[in-house]
Amino acid sequence: MGLLQKACETYDTFQHLAGVEIQDKATLAPPGYISTQADIEITLDQDGCFLSARAVEKTEPKIVIPVTEDSAGRTRAACAHPLCDQLVYLAPYEENKHALYVEQLADWAASPYSHPQLQPILTYIHGETILSDLVQAEVITLTEKGQPKNEKALVRWVVLGLDPADSGPCWTNRGLMESFSRYYASRKEDWPKNLCMVSGDWDVLARQHIKGIIPANGNAKLISANDDKGFTYRGRFDESWQAATVGYTASQKAHNALRWLADNQGVTMGGRTFLCWNPQGKEVPPPHQSNDPARSPESAQRQKSHRIPKAAVGDPFRLADRFAHEC
């Protein structure tokens with residue numbers, strides 16, 4: 001648990017930056033949020049009427065979006081994000097996925113923890129014109145079946161015409177972030193609690209863990225126990241959660257901190273990502289650089305023919321754990 005504990009410690013040190021956009025830097029996602037790349041931006045007015053849409057450039061920074069525990073770790077099973085999601089969930093052509101999105105957004109909007117931006121977005125979704133609007137705005141193209149060619153394109157929202165504090169992009173609105181945090185906390189009030197092995201606190205246990213800490217690795221997870229047929233945990237435990245009781249809060253903090261660190265200062269070599277950091281924010285050298293003259297570029301070139309055998313290369317997460325302790 002050393003890596004996760006140091007990641008949680010890092011989050012606590014920098015929690016004042018959670019949800020705050022900094023130029024040319026990835027944003028640290030708060031618990032209940034993930035950092036991701038949006039593909040489409042739709043602007044609505046206060047009544048939920050379509051105003052404009054545009055394709056988001058790949059050079060634009062990632063944004064933080066609210067997620068449930070299940071949607072943050074979704075792979076194949078349908079599970080909608082609460083607000084910003086893919087076209088396959090927002091458009092009505094796949095009834096199951098669309099219904100999941102509408103039901104969840106409607107529940108949040110009708111709760112005591114609602115936010116003024118939610119109703120205009122929900123009204124627009126109920127109108128079922130999202131695909132025709134995006135086609136008319138020349139943002140997407142459709143297949144012969146009338147479905148978007150890139151149905152996984154993720155949509156972010158801008159709502160105008162509300163009070164100044166509530167208008168604007170959904171991904172930078174602090175009030176909206178607090179609204180979802182309170183709403184989701186209310187849904188977990190009756191969930192069973194147990195001892196978190198990372199924080200030592202009595203907390204609701206994480207049932208799913210965030211995927212894609214390293215985006216290039218797709219759906220890979222640091223903690224996963226989806227093998228209920230073999231002996232990944234069976235033979236030692238009755239249930240998968242017994243193998244590692246990690247609290248929801250600790251899981252969210254640790255995974256979001258690691259994603260933030262990897263995006264901002266991770267070093268990728270040979271398909272692996274290495275991290276070297278200090279949880280208190282003290283400056284440390286990158287893992288691929290050294291002040292030792294013997295490790296200079298010239299020296300490295302001379303030693304190029306004397307590569308370390310592959311079997312001697314350590315696991316990247318063990319290295320990251322060691323760096324975290326030593327720094």
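H115 sits in the loop between α4 (95–110) and α5 (118–127). Helices here are DSSP runs of H or I with at least four residues, strands are E runs of at least two, and both are numbered from the N terminus. The model is predicted, so local features need pLDDT of at least 70 and side-chain atom pairs count only at pLDDT 80 or more, while totals for chains, interfaces and linings use all residues. Residues are numbered from 1 along each chain as its sequence is written, and side-chain values use heavy atoms, leaving out hydrogens and water.

H115 is buried, at a relative accessible area of 7%. Buried means under 20%, exposed over 50%, and partly exposed in between, computed with a 1.4 Å probe on protein chains only. The H115 side chain makes a polar contact with the side chain of N173, at 3.4 Å. Such a contact is a pair of N or O atoms within 3.5 Å; within protein, one must be able to donate a hydrogen and the other to accept it, and residues adjacent in sequence count only if both atoms are side-chain atoms. Beyond its neighbours within four places in sequence, H115 is in contact (heavy atoms within 4.5 Å) with D166, N173, G175, L176 and S179.

L176 and S179 also belong to the packing of α7 against α4. The two axes come within 10 Å and cross at roughly 100°. Axes are lines fitted to C-alpha atoms, for helices over the stretch in contact, and angles run from 0 to 180 degrees between N-to-C directions. α4 is therefore roughly perpendicular to α7. From α4 come Q104, D107 and W108; from α7 come L176, S179, F180, Y183 and R187. By class, the contact has four nonpolar, two polar and two charged residues. Ala, Val, Leu, Ile, Met, Phe, Trp, Tyr, Cys and Pro count as nonpolar, Asp, Glu, Lys and Arg as charged, and the others, Gly among them, as polar.

R187 leads on to W191. W191 lies in the loop between α7 (174–187) and β7 (193–195). The W191 side chain reaches the backbone oxygen of R187 at 3.3 Å. Setting aside neighbours within four places in sequence, W191 is in contact with E69, Y184, V204 and R207.

Now return to α5. Its buried residues include L118, P120, I121, L122, Y124 and I125. E128 follows α5, in the loop between α5 and α6 (130–136). E128 is not a glycine, yet its phi is positive, about 55°. D24 is not a glycine either, and has a positive phi of about 65°. D24 is in the loop between α1 (2–13) and β1 (33–36). It is exposed, with a relative accessible area of 74%.

α1 packs against α8 at about 80°, with the axes 8 Å apart. The two helices are therefore roughly perpendicular. L3, L4, A7, C8, T10, Y11 and D12 of α1 meet A250, K253, A254, A257, L258, W260 and L261 of α8. Eleven of these residues are nonpolar, one is polar and two are charged.

The largest nonpolar core has 78 residues, and I42, L83, Y101, I130 and W157 touch the most other members. Helix α8 (residues 248–265) gives the most to this core, with eight residues. A nonpolar core is a set of buried Ala, Val, Leu, Ile, Met, Phe, Trp, Tyr and Cys residues joined through side-chain atoms within 4.5 Å. Not counting residues up to four places away in sequence, I42 touches F50, S52, A53, Y124, I130, L134, V155, R156, W157 and V158.

Note on methods. Parallel < 35°, antiparallel > 145°, perpendicular 65-115°, else oblique.
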